Amino acid sequence: MYDYWNVRMALMLIYHKRQGKKSDFAPYLEVMPESYGNPLNWTKAELQELQWAPFIEEVQVEQEFFKNEMIKLQEYMKEPPTEQELLWALMCTGSRTFTADFGGEGENGECMCAVADMVNHHEDAEPAFRWNPNPGVFELFSPLAKEKGEEVCISYGDVNNEHLLHYYGFVPETNKHEHIIVNERELLLAAREKLEVAPGGEGR
């Protein structure tokens with residue numbers, strides 16, 4: 001029914017969460033956060049506090065998209081999820097999913113892996129997870145030697161603060177990959193302001 005992997009995975013999470021102790025994934029679900037601080041769950045007033053129009057618009061488009069998906073689920077499912085259930089599950093999949101090459105000729109796939117999804121992000125961390133086709137397991141490892149008791153971190157990607165806040169709900173104190181994306185219109189406006197050119201006028 002759905003072409004979106006995150007919606008399909010979210011529905012699977014909701015199904016198993018509703019099963020309670022009967023689910024094989026009950027121990028995993030029990031340690032998942034009950035709530036998330038991701039912008040997907042923010043109000044309009046909270047989003048305005050960001051004071052960054054492109055990001056605000058991106059989140060609002062996403063909120064509207066999943067609102068429409070919720071309407072479809074209510075139409076086609078006998079026992080559709082509540083809005084709270086769907087938001088919780090979507091934020092689980094958005095923040096705790098790994099993309100890996102599972103072998104074969106197909107595209108990379110997404111998976112959720114208990115314990116591995118609890119490892120913190122660090123901008124200088126080396127890749128530390130992989131799919132091992134023999135014996136068919138998703139592995140978390142340290143590519144560098146570690147002292148006993150030293151924290152093992154992974155990198156959530158060479159991404160900026162906007163991405164980390166959007167999908168993981170946090171902004172690090174430092175980020176060597178921090179950048180902002182601007183469009184052509186914004187560049188022209190900035191150049192015009194720098195040159196002190198009034199609309200339709202000439203610069204000095």
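**A helix pair and its core**

Modeller: Helix α1 (residues 5-19) packs against helix α5 (residues 83-96) at an angle of about 120 degrees, and their axes lie 8 Å apart. Axes are lines fitted to C-alpha atoms, for helices over the stretch in contact, with angles running from 0 to 180 degrees between N-to-C directions; helices (H or I, at least four residues) and strands (E, at least two) are DSSP runs numbered from the N terminus. This is a predicted model, in which local features need pLDDT of at least 70 and side-chain atom pairs count only at pLDDT 80 or more, while totals for chains, interfaces and linings use all residues. Residues are numbered from 1 along each chain as its sequence is written, and side-chain values use heavy atoms, without hydrogens and water.

On the α1 side, the contact (heavy atoms within 4.5 Å) involves Trp5, Asn6, Val7, Met9, Ala10, Leu13, Ile14, Lys17 and Arg18. Helix α5 contributes Glu85, Leu86, Trp88, Ala89, Leu90, Cys92 and Thr93. By class, this contact of α1 with α5 has eleven nonpolar, two polar and three charged residues (Ala, Val, Leu, Ile, Met, Phe, Trp, Tyr, Cys and Pro count as nonpolar, Asp, Glu, Lys and Arg as charged, and the others, Gly among them, as polar).

The largest nonpolar core has 21 residues, and Leu13, Met32, Trp88, Leu90, Cys92 and Met112 have the most contacts inside it. Such a core is a set of buried Ala, Val, Leu, Ile, Met, Phe, Trp, Tyr and Cys residues joined through side-chain atoms within 4.5 Å. Two or more residues come from each of α1, α2 (26-30), α4 (53-76) and α5, and α5 gives the largest share, seven residues. Not counting residues up to four places away in sequence, Leu90 touches Asn6, Val7, Ala10, Leu40 and Phe66. A second, separate core of nine residues includes Cys111, Cys113, Val119 and Ile154.

Thr97 is found in strand β1 (residues 97-100). Thr97 counts as buried because its relative accessibility is 18% (buried means under 20% relative accessible area, exposed over 50%, partly exposed in between, with a 1.4 Å probe and protein chains only). The side chain of Thr97 reaches the backbone oxygen of Thr93 at 2.5 Å. Leaving aside neighbours within four places in sequence, Thr97 is in contact with Trp5, Met9, Cys92, Glu110, Cys111 and Met112.

How values were computed: A polar contact is a pair of N or O atoms within 3.5 Å; within protein, one must be able to donate a hydrogen and the other to accept it, and residues adjacent in sequence count only if both atoms are side-chain atoms.
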